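Hello,

Here is the structure I said I would pass on. My notes on the strands and the core follow below it.

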Amino acid sequence: QVQLVESGGGLVQAGGSLRLSCAASGRTSRNYAMAWFRQAPGKEREFVAGISWSGSSTYYADSVKGRFTISRDNAKKTVYLQMTSSKPEDTAVYYCAGNGVGVRASDYNYWGQGTQVTVSS
């Protein structure tokens with residue numbers, strides 16, 4: 001099994017920046033494609049950003065394109081989400097997901113516990 005642990009969430013003012021981290025442990029002998037999702041209260045979990053196993057390919061939801069950047073350090077088995085120009089509508093619990101592809105949460109096998117991000121106006 002693979003365990004994913006997110007960190008870096010917190011409170012940030014609108015327009016500010018925050019960097020989320022997702023550290024993998026367990027059976028990590030191979031590198032998986034990874035993604036970030038988020039879920040706001042009363043809403044469904046939605047795709048935010050994805051990255052290939054090598055890091056050479058990334059893709060984003062339209063709502064965050066140009067503001068968020070996903071990256072990874074395979075030596076550290078860690079995936080990052082750099083958030084800039086934050087908006088109140090970015091407020092959500094952010095989840096790291098692994099071993100999947102695309103924008104559907106159901107296509108990912110591994111999930112972290114989530115980290116809360118709150119953007120104040």
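Strand β4 (residues 34-39) pairs with β5 in the antiparallel sense, over 5 bridges. Please keep in mind that this is a predicted model.

Within that pairing, Ala-35 has Gly-50 of β5 as its bridge partner. β4 and β5 make a hairpin with 6 residues between them. In its turn, Gly-42 has a positive phi of about 80 degrees.

β5 also pairs with strand β6 (residues 58-60), again in the antiparallel sense, here over 3 bridges. The bridge partner of Ile-51 in β6 is Thr-58. β5 and β6 form a hairpin as well, with 6 residues between the strands, and Gly-55 has a positive phi near 90 degrees there.

How much of β5 is buried? Of the 6 residues in this strand (46-51), 5 are buried, so that β5 is mostly covered.

Next, the core. The largest nonpolar core has 31 residues, and those that touch the most other members are Trp-36, Leu-81 and Tyr-94. Two or more residues of this core come from each of β1 (2-7), β3 (18-26), β4, β5, β7 (68-73), β8 (78-83), β9 (92-98) and β11 (115-120).

Which residues does Leu-81 contact, leaving aside its neighbours within four places in sequence? They are Leu-18, Arg-19, Leu-20, Trp-36, Val-48, Ala-49, Phe-68, Thr-69, Ile-70 and Tyr-94.

Regards

Methods: Residues numbered from 1 in each chain as written. Predicted model: local features only at pLDDT ≥ 70, side-chain atom pairs only at ≥ 80, totals over all residues. Heavy atoms only, no water. Buried < 20%, exposed > 50% of the residue type's maximum accessible area, 1.4 Å probe, protein only. Helix = DSSP H or I, 4+ residues; strand = E, 2+ residues; numbered from the N terminus. Pairing = 2+ DSSP bridges. Core = buried A, V, L, I, M, F, W, Y, C linked by side-chain atoms within 4.5 Å. Contact = heavy atoms within 4.5 Å.
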